[in-house]
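Hi there,

Here is the structure we talked about, ready for you to open. Have a look around it first, then read on for what turned up.

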Amino acid sequence: MELSCNQSVKDRIMLFISKSGITKSVFERKSGLSNGYLNQLRNTPKEDKISNILKAYPEINRVWLLTGEGEMLMKQSPAEDVSEDIIDKEYTTYLLPLSAMAGQLSGLSADGVFLSECEKIISPIKGVDFAITIYGDSMHPEYPSGSRILIKKINPDIFIEWGKVYVLDTDNGVIVKEIHKCENKENYITCHSINPDPKFADFDVDINEIHGMYRVLMCLSAK
């Protein structure tokens, strides 16, 4: 069921919960809302409640949540249309001193990196945890070698948007790939390269070997 702009914020929250496969209680707890809050909600939540929801679920498009216009989830391509409400000022984040090899497993890890040792950079959007630099051509042209990507850590046990680009911190290194459900192996995900060159073949990763999963929010082109 698709929602119209005339339906309520509560209706859109419930649609997100349904499509995410989570429960109302999980959503309330993660968003800092009281138990049963959604059942009692009659009007648009106050701004502090909206802020808590978007902080807990940064993938939700704020404009869609409040008005019903646009897509439910934030886009993440290099040319994405980022809502004006999140680019009204500059934000800072940390550039991790590692390269996510977008062609092969890099063997690198962010373990042991201290933020005090990281370069601070300007981010045009809020809600970013880190930035990293891409090297390799498997994600070309959307994510060219030398570009920086802004990433946000997610909880894969709660929600994964299949077919989107993520950074995976695995036993074999840090990689950037479009991820899909693995069709023939349980507890695995399939990593797909955007570059159609046959040398960049799909490969599967054991979910148990993933230490962290980060949603790619934006790509900053190399200068």
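**What was found**

N187 is found in the loop between β6 (173-181) and β7. Please keep in mind that this is a predicted model. The backbone at N187 has a phi near 65°, a positive value in a residue that is not glycine. Is N187 buried or exposed, or something in between? With a relative accessibility of 46%, N187 counts as partly exposed.

Another loop is worth a visit too. P141 sits between β3 (130-135) and β4. The peptide bond that leads from H140 into P141 is cis, and its omega is near 10°.

Now zoom out to the whole protein. How many helices and strands does the protein have? There are five helices and nine strands. If you follow the chain from the N terminus, the order is α-α-α-α-α-β-β-β-β-β-β-β-β-β. Of the 223 residues, 45% are buried. The protein exposes about 12100 Å², and carbon and sulfur atoms supply 48% of that area. Among contacts with a separation of 6 or more, 59% join residues 24 or more positions apart.

Next, a pocket to explore. The second largest pocket holds about 170 Å³ of space. Which strand gives the most to its lining? That is β9, with four residues. Both β4 (148-154) and β9 (210-220) supply at least two lining residues each. To find the pocket on your screen, select K153, I154, P156, D157, I160, I189, I207, I210, H211, G212 and M213, which line it. Sorted by type, the lining has seven nonpolar, two polar and two charged residues.

Finally, a word on confidence. The average pLDDT of the protein is 81, and 80% of the residues score at least 70. Where is confidence lowest and where is it highest among the strands named here? The lowest is in strand β1 (residues 91-101), with a mean of 71, and the highest is in strand β7 (residues 188-192), at 95. Over residues 77-88 the pLDDT is below 50, and this stretch has 21 contacts in the model beyond near neighbours in sequence. Residues 103-111 also stay under 50 in pLDDT, and the model gives them 26 contacts beyond four places in sequence.

Happy exploring, and do write back with any questions!

Best wishes

Definitions and conventions
Residues are numbered from 1 along each chain as its sequence is written. This is a predicted model: local features need pLDDT of at least 70, side-chain atom pairs count only at pLDDT 80 or more; totals for chains, interfaces and linings use all residues. Side-chain values use heavy atoms; hydrogens and water are left out. Buried means under 20% relative accessible area, exposed over 50%, partly exposed in between (1.4 Å probe, protein chains only). Contact means heavy atoms within 4.5 Å. Accessible areas come from the Shrake-Rupley method with a 1.4 Å probe; for residues, only the protein chains shown count as cover. On a 1 Å grid over the protein atoms alone, a cavity is a set of points where a 1.4 Å probe fits but cannot get out, and a pocket is an open set with protein on both sides within 12 Å along at least five of seven lines; lining residues have an atom within 4 Å of a point. Grid points are joined across faces, edges and corners, and a volume is the space filled by probe spheres set on the points. Ala, Val, Leu, Ile, Met, Phe, Trp, Tyr, Cys and Pro count as nonpolar, Asp, Glu, Lys and Arg as charged, and the others, Gly among them, as polar. pLDDT is the predictor's confidence in each residue, from 0 to 100.
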